[in-house]
Each structure stands twice: as C-alpha cells, then as structure tokens.
Amino acid sequence: MIADPEKAGAAAMNWSREYSYNVVYAENGFVSFYCQEDYYTGGAHSNHNIKVGTLYCGKRLRLSDLPELDKIKKIMLLHDITEEQILC
C-alpha cells in the first residue's frame with residue numbers, strides 16, 4: 001500500500017475501483033443478484049470480479065440447497081469452479 005499518494009507519482013492517480021450490484025430476479029420470495037467489481041491498479045488492463053447469489057425469504061441459498069446437487073457438482077468440477085467463486 002502506498003502511504004503518501006503525493007510522493008507515489010502518476011500511477012497512484014490512475015488507480016480506480018468501481019462496484020455495481022444488480023437484482024436480476026425478485027419474485028415469490030426469491031431475490032437473485034450479482035455483484036461486479038472492476039479495478040485498475042496499473043498495468044495493461046483492469047481486473048474484474050463477478051459474484052452471484054440468491055436469497056429465499058431473506059436466507060442465502062447455497063448450492064447444497066438445490067435438489068439436483070450431484071449434477072451441479074459435476075458441472076462445477078468439469079469447469080473447475082468452486083462454490084465461493086459463484087456466491088457473494
């Protein structure tokens with residue numbers, strides 16, 4: 001971390017971070033959303049993170065709450081995806 005941005009030079013002045021939160025479904029007790037983070041800390045390009053989640057009656061749902069978990073786990077293994085990567 002840079003302690004004094006004034007002494008850090010132009011690179012610190014170009015750093016940026018943006019967040020957005022979007023609800024994509026909200027009916028029948030379900031709310032599905034995604035969170036997007038874009039940040040630039042120097043270099044050739046910015047970085048991006050996207051996480052998704054679903055709430056049911058205020059409770060965060062996990063993949064283990066779904067009825068066909070075995071099929072979902074197989075798809076996740078095939079694509080090398082962890083539950084933490086897809087849930088906020």
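Residues 24 or more positions apart account for 30% of the contacts in the chain that have a separation of 6 or more, where contact means heavy atoms within 4.5 Å. The model is predicted: local features need pLDDT of at least 70, side-chain atom pairs count only at pLDDT 80 or more, and totals for chains, interfaces and linings use all residues. Residues are numbered from 1 along each chain as its sequence is written, and side-chain values use heavy atoms, with hydrogens and water left out.

The chain holds four helices and four strands, arranged from the N terminus as α-α-β-β-β-β-α-α. Helices (H or I, at least four residues) and strands (E, at least two) are DSSP runs, numbered from the N terminus. Of the 88 residues in the chain, 14% are buried; buried means under 20% relative accessible area, exposed over 50%, and partly exposed in between (1.4 Å probe, protein chains only). The accessible surface of the chain is about 7200 Å², and 56% of this surface belongs to carbon and sulfur atoms. Accessible areas come from the Shrake-Rupley method with a 1.4 Å probe, and for residues only the protein chains shown count as cover.

The structure contains one salt bridge, a term for a side-chain nitrogen of Lys or Arg within 4 Å of a carboxyl oxygen of Asp or Glu. The side chains of Glu37 and Arg17 form this bridge at 3.0 Å, N to O. Glu37 lies in strand 2 and Arg17 in strand 1, so the pair ties together parts that are 20 residues apart in sequence. Glu37 is buried, with a relative accessible area of 15%, whereas Arg17 is exposed at 52%.

Asp38 belongs to strand 2, which spans residues 30-40. Asp38 is buried but has no salt bridge, and the nearest side chain of opposite charge, Arg17, is 9.9 Å away. Lys and Arg count as positive and Asp and Glu as negative, while His and the chain ends are not counted. The side chain of Asp38 does make polar contacts, as the table shows. A polar contact is a pair of N or O atoms within 3.5 Å; within protein, one must be able to donate a hydrogen and the other to accept it, and residues adjacent in sequence count only if both atoms are side-chain atoms.

| Side chain | Partner side chain and distance |
|---|---|
| Asp38 | Gln36, 3.2 Å |
| Asp38 | His48, 2.3 Å |

Leaving aside neighbours within four places in sequence, Asp38 is in contact with Ser16, Arg17, Glu18, Asn47 and His48.
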